Amino acid sequence: MRDDGEAPRRRADALRNERTLLDAAAAVFVESGVEAPVRDIAARAGVGVATIYRHFPTRADLIIAVYRNQVEACAEAGTALLEGGTAPHAALGRWIDLFVDFLVTRHGLAAVLRSERKEFDALHAYLLDRLLPVCAQLLDAAVAAGEIHARVDAYDLMRGVGNLCIGAESDPRYDVRRLVRLLIAGLRP
């Protein structure tokens, strides 16, 4: 703590290094699942194993940080899409694609989140707290533009997309993106 009672700000390079570690961990989790060896993550990030443990003392700490980082990236993307001048329905479709990426590439994360471990209890609530308002904002913009029905609820849409993603990683014939595109197209008046 500083003398003025505020916590010290993290240096830009420390934040950048942490982002590099989280991106490397996310990539390794996609390829090998959340039980992948930490040495694989360290190698991908170009650091030593001790560096990973210095930032994230337990595997649970690392998994939680990766999850939160991905949720934040998805939330930030929604705002950027709306501010970038993309038509609202197209912005919603692109954001839902990112949400699908998030859902289907979490190899093993869903099982970890359903575990009995207290560290993971708040993550689903965190996802909803961060992403529901973004989805609602995208839906509201599309409704205001007359591009979709006004009776679409953000929670229902996210739940529907989430349910369509179940099993996508285990059946190569199942094209979750095609079904999600149909769902988004079906929102049109």
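## Contacts of His 89

Contact here means heavy atoms within 4.5 Å. In this predicted model, His 89 is in contact with Ala 142, Glu 147, Ile 148, Ile 184 and Arg 188, leaving aside its neighbours within four places in sequence. His 89 belongs to helix α5. The residue counts as buried because its relative accessibility is 11%, and the cut-off for buried is under 20%.

## Packing of α5 against α9

Two packed helices are described by the angle between their axes and the distance between the axes. For helix α5 (residues 88-104) and helix α9 (residues 176-185), the axes come within 11 Å and cross at roughly 150 degrees. The crossing of α5 and α9 is right-handed.

On the α5 side, the residues that meet α9 are His 89, Gly 93, Ile 96, Asp 97, Val 100, Asp 101 and Val 104. Their partners in α9 are Val 176, Arg 177, Val 180 and Ile 184. By class, the contact of α5 with α9 has six nonpolar, two polar and three charged residues. Ile 184 of α9, part of this contact, is also among the residues that His 89 touches.

## Nonpolar cores

The largest nonpolar core has 36 residues. Those with the most contacts inside this core are Trp 95, Ile 96, Phe 99, Val 100, Leu 131, Leu 157 and Val 161. At least two residues of the core come from each of α4 (59-83), α5, α7 (123-144), α8 (154-165) and α9. Another core, of 19 residues, lies apart from the largest one. Ala 25, Val 28, Ala 42 and Val 66 are among the residues of this other core.

Within the largest core, Leu 157 is one of the residues with the most contacts. Not counting residues up to four places away in sequence, Leu 157 touches Leu 92, Ile 96, Cys 135, Leu 139, Val 152, Leu 183, Ile 184 and Leu 187. Ile 96 and Ile 184, both in this list, also take part in the contact of α5 with α9.

## Helix α1 and the annotated region

Ala 27 is found in helix α1 (residues 12-32). With a relative accessible area of 24%, Ala 27 is partly exposed. Ala 27 and Val 66 are 39 residues apart in sequence, and their C-alpha atoms are 9.9 Å apart in space. Val 66 is one of the residues of the 19-residue core.

An unreviewed UniProt entry places the feature "DNA-binding region" at residues 37-56. In the model, the span of residues 37-56 is 75% helix and 0% strand. The end C-alpha atoms of this span lie 14 Å apart.

Notes:
Residues numbered from 1 in each chain as written. Predicted model: local features only at pLDDT ≥ 70, side-chain atom pairs only at ≥ 80, totals over all residues. Heavy atoms only, no water. Axes fitted to C-alpha atoms, helices over the stretch in contact; angles between N-to-C directions. Helix = DSSP H or I, 4+ residues; strand = E, 2+ residues; numbered from the N terminus. Left-handed = near helix turned anticlockwise from the far one by under 90°. Nonpolar A, V, L, I, M, F, W, Y, C, P; charged D, E, K, R; others polar. Core = buried A, V, L, I, M, F, W, Y, C linked by side-chain atoms within 4.5 Å. Buried < 20%, exposed > 50% of the residue type's maximum accessible area, 1.4 Å probe, protein only. UniProt positions renumbered as here; feature names shortened; annotations may be inferred.
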